[in-house]
Amino acid sequence: MTDALTNAPRLTTERLVLRGPLRSDLALFTRFITTSPDLAAVDDLGSESDAWYAALAGVGHWHWHGYGFFTLQRHDDTAPLGRVGILNHHGWPQPELAWHLFEGATGQGYATEAGMRVRDWAAAAHGLRTLVSYIDTDNAPSQAVATRLGATNTGQRAAHDSQSEIWQHPEGTA
């Protein structure tokens, strides 16, 4: 892993390895941002520049906060499946547990499995016991993941994104 961009820890679950971002992840992440059917379904496709800035913001989270997105891969395959992690952009009221799965990785429980692991790690490593997820009102797959993670829809809209509702997660375990 000579192209590591952060000092993110390596976490594991039964099926997954959660690792920090690598330079080599950018091409697949850019394809996700620019062509993902899931992003298109919620009118959220971006440009190559958007992908670049999002990737840099993800790396910056690790350096600024000590947490950020983990890249997911299976134990038996190094191909990235997506990203799950903690975000806390400037002006947000509290940290968010967020996930993005790449094409072909959805519907297999990876986001839920990784989300549980990240939530517990965030509680133990950073004292982040209460997290939210900001989920677009039209994003039924992400709402389903949040429900499987035990989160509940507060019925409130996110101040930074009027199309997103705030989902409150149960406390992580340290």
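A crossing of two helices is called right-handed if the near helix is turned clockwise from the far one by less than a right angle, and this is the sense in which the word is used in the legends below, which describe a predicted model.

**View 1. Packing of helix 1 against helix 3 in the predicted model.** Helix 1, residues 26-35, packs on helix 3, residues 48-65, at an angle of about 125°, and their axes lie 9 Å apart. Because angles of 65 to 115 degrees count as roughly perpendicular and those over 145 as roughly antiparallel, the two helices are oblique to each other. Their crossing is right-handed. Helix 1 contributes Leu26, Phe29, Thr30, Ile33 and Thr34 to the contact, while helix 3 contributes Glu48, Asp50, Ala51, Trp52, Ala54 and Ala55. By class, the contact residues comprise seven nonpolar, two polar and two charged.

**View 2. Trp52 and Leu26.** Trp52, which belongs to helix 3, has a relative accessible area of 43% and is therefore partly exposed, since that class lies between the 20% limit for buried and the 50% limit for exposed residues. Although Trp52 and Leu26 are 26 residues apart along the chain, their C-alpha atoms are separated by 7.6 Å.

**View 3. Helix 4 and the residue that follows.** Helix 4 runs over residues 110-126, and at 1.5 Å a residue its 17 residues should span 24 Å, so the 23 Å between its end C-alpha atoms agrees with expectation. Its buried residues are Tyr110, Ala111, Thr112, Glu113, Ala114, Gly115, Val118, Arg119, Trp121, Ala122 and Ala123. Just after helix 4, Gly127 adopts a positive phi of about 70°.

Definitions and conventions:
Residues numbered from 1 in each chain as written. Predicted model: local features only at pLDDT ≥ 70, side-chain atom pairs only at ≥ 80, totals over all residues. Heavy atoms only, no water. Helix = DSSP H or I, 4+ residues; strand = E, 2+ residues; numbered from the N terminus. Expected span 1.5 Å × (residues − 1). Buried < 20%, exposed > 50% of the residue type's maximum accessible area, 1.4 Å probe, protein only. Axes fitted to C-alpha atoms, helices over the stretch in contact; angles between N-to-C directions. Parallel < 35°, antiparallel > 145°, perpendicular 65-115°, else oblique. Contact = heavy atoms within 4.5 Å. Nonpolar A, V, L, I, M, F, W, Y, C, P; charged D, E, K, R; others polar.
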